[in-house]
Amino acid sequence: ELKSEGKEGRRHQNFSTGQFRVEEFRLPVLEGRVTPAEKKSLVNVKSVPVDVQVNYVSGGAAIGLPVRVSALVRGKYLNYSDYEDFNFTPPRATGKPGGSGENGEEEATATQDQRVVANKLPVTLDRNGAGQVTLDKLPKVREPQELLLEAAYADPNGEVQTIRSVSTLWPAGVVVGLKTESWASSSQKIKFQTLALNLSGKPAADVALEVKAVAHIVTTSRKRMVGGFYTYDNKTEIKDLGKVCSGKSDARGLLLCDAQLSEPGEVELVVTATDKDGNTIQAASSIYVTKQGELW
């Protein structure tokens with residue numbers, strides 16, 4: 001509560017800024033951690049062993065403590081300060097090339113998904129305060145995803161404590177990015193760059209890269225309804241334009257490309273990187289191709 005006084009000290013004004021309560025706080029008796037058992041990166045994994053460790057704050061293991069382990073897979077946004085001009089997002093999931101999508105609407109991408117992969121799996125800790133549980137049937141990821149692990153247990157102070165950790169699920173042992181211009185003319189070659197990084201965000205050399213072009217053609221029709229009203233129907237056609245560039249990344253992690261795109265309209269460039277184990281990861285970026293210079 002704030003108070004202000006006038007020059008003569010006789011005027012008082014009160015301004016209420018809100019209220020809050022302080023509940024009883026109980027110090028936890030136990031502390032712990034929950035992490036993947038393997039310290040290496042989680043690349044194209046189908047199952048993940050999870051370690052749980054709980055100890056008393058004052059020292060000693062929480063022997064025989066029952067713990068419930070849960071896990072959630074959610075989207076992960078990639079951003080590298082040294083490569084802000086590159087796009088690392090995956091291609092749009094609008095069906096197979098040659099098909100069509102009604103109303104021009106894009107399907108939800110994996111970054112919008114949140115899936116529970118384990119719900120309160122029971123674990124009883126051993127004499128060392130340790131336990132392990134395996135997460136089976138993990139979804140196959142087409143882009144990097146976060147794996148959120150949670151372990152809940154009853155603390156002797158009367159409260160339920162939850163410990164968490166976040167790991168990354170990788171579709172491949174590399175990360176791929178794409179840098180393009182926003183528009184180009186069909187009469188000129190377009191130049192773009194593809195980028196391969198390791199999972200630490202450093203340039204990766206000798207990574208196989210391949211770029212394909214996909215045209216998104218939207219056709220809109222207007223229909224007259226009863227009463228003089230109109231409705232609009234949109235239909236999106238996907239046309240595969242084939243491979244436009246391929247090769248291996250250099251010491252900077254780059255592959256420089258140029259291509260001729262004769263299809264006017266919105267063209268999506270999709271780059272696929274393949275790691276040494278044959279796992280793949282994709283990134284995409286759209287470019288608008290004009291036929292006679294009219295960008296609109």
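Predicted model: local features only at pLDDT ≥ 70, side-chain atom pairs only at ≥ 80, totals over all residues.
Biologist: Which residue forms a disulfide with Cys257?
Modeller: The structure holds one disulfide. Cys257 takes part in it, and the two sulfur atoms lie 2.0 Å apart.

Biologist: Which strands stand at the edges of the open sheet of three strands?
Modeller: This open sheet has the order β12-β14-β17, with antiparallel pairing. An edge strand here has a single partner strand, so one side of it is left without a neighbour in the sheet. The strands at the edges are β12 and β17.

Biologist: What is the average twist from one strand to the next in the sheet β12-β14-β17?
Modeller: Strands of a sheet pair through backbone hydrogen bonds, either parallel or antiparallel. In this sheet the pairing is antiparallel. From one strand to the next, the twist averages 25 degrees.

Biologist: Which residue in β17 is the bridge partner of Leu195?
Modeller: Strands β14 and β17 pair in the antiparallel sense, over seven bridges. The bridge partner of Leu195 is found in β17, and this residue is Leu254.

Biologist: Which residue forms a salt bridge with Lys191, and where does that partner lie?
Modeller: Side chains of opposite charge can pair when their charged atoms come close. Here the side chain of Lys191 meets that of Asp258, at 3.9 Å from N to O. Lys191 is exposed, with a relative accessible area of 62%, whereas Asp258 is partly exposed, at 38%. Lys191 lies in strand β14, 67 residues apart from its partner, which is Asp258 in strand β17.

Biologist: What is the N to O distance in the salt bridge of Lys223 and Asp233?
Modeller: This pair links strand β15, which holds Lys223, with strand β16, which holds Asp233, ten residues apart. Lys223 counts as partly exposed, at 43% relative accessibility, and Asp233 also counts as partly exposed, at 28%. Their side chains meet in a salt bridge with an N to O distance of 2.9 Å.

Biologist: How many residues apart in sequence are the parts tied together by Glu268 and Arg92?
Modeller: The side chains of these residues meet in a salt bridge, at 3.9 Å from N to O. Glu268 counts as buried, at 5% relative accessibility, while Arg92 counts as partly exposed, at 22%. Glu268 lies in strand β18 and Arg92 in the loop between β6 (66–75) and β7 (100–102), so the parts they tie together are separated in sequence by 176 residues.

Biologist: Which residue is linked in a network of salt bridges with Arg92 and Glu268?
Modeller: The count for the structure comes to nine salt bridges. Arg92 and Glu268 belong to a network of such links, together with Glu266.

Biologist: How many residues does the largest nonpolar core have?
Modeller: Those with the most contacts inside this core are Ile190, Phe192, Leu209, Val244, Leu261 and Leu269. Several strands each supply at least two of its residues, including β14 (189–198), β16 (230–248) and β18 (265–274). Apart from it lies another core, of 25 residues, among them Ala62, Ala71, Val73 and Leu169. The size of the largest nonpolar core is 27 residues.

Biologist: What is the phi of Asn44?
Modeller: Most residues other than glycine have a negative phi. Asn44 lies in the loop between β4 (42–43) and β5 (48–56), and is partly exposed, with a relative accessible area of 27%. Although Asn44 is not a glycine, its phi is positive, at about 50 degrees.

Biologist: Is Lys137 buried or exposed?
Modeller: Lys137 lies in the loop between β9 (130–135) and β10 (145–154). Its phi is near 55 degrees, a positive value in a residue other than glycine. With a relative accessible area of 78%, Lys137 is exposed.

Note on methods: Residues numbered from 1 in each chain as written. Heavy atoms only, no water. Helix = DSSP H or I, 4+ residues; strand = E, 2+ residues; numbered from the N terminus. Buried < 20%, exposed > 50% of the residue type's maximum accessible area, 1.4 Å probe, protein only. Core = buried A, V, L, I, M, F, W, Y, C linked by side-chain atoms within 4.5 Å. Disulfide = S-S within 2.5 Å. Pairing = 2+ DSSP bridges. Axes fitted to C-alpha atoms, helices over the stretch in contact; angles between N-to-C directions. Salt bridge = Lys/Arg side-chain N within 4 Å of Asp/Glu carboxyl O.
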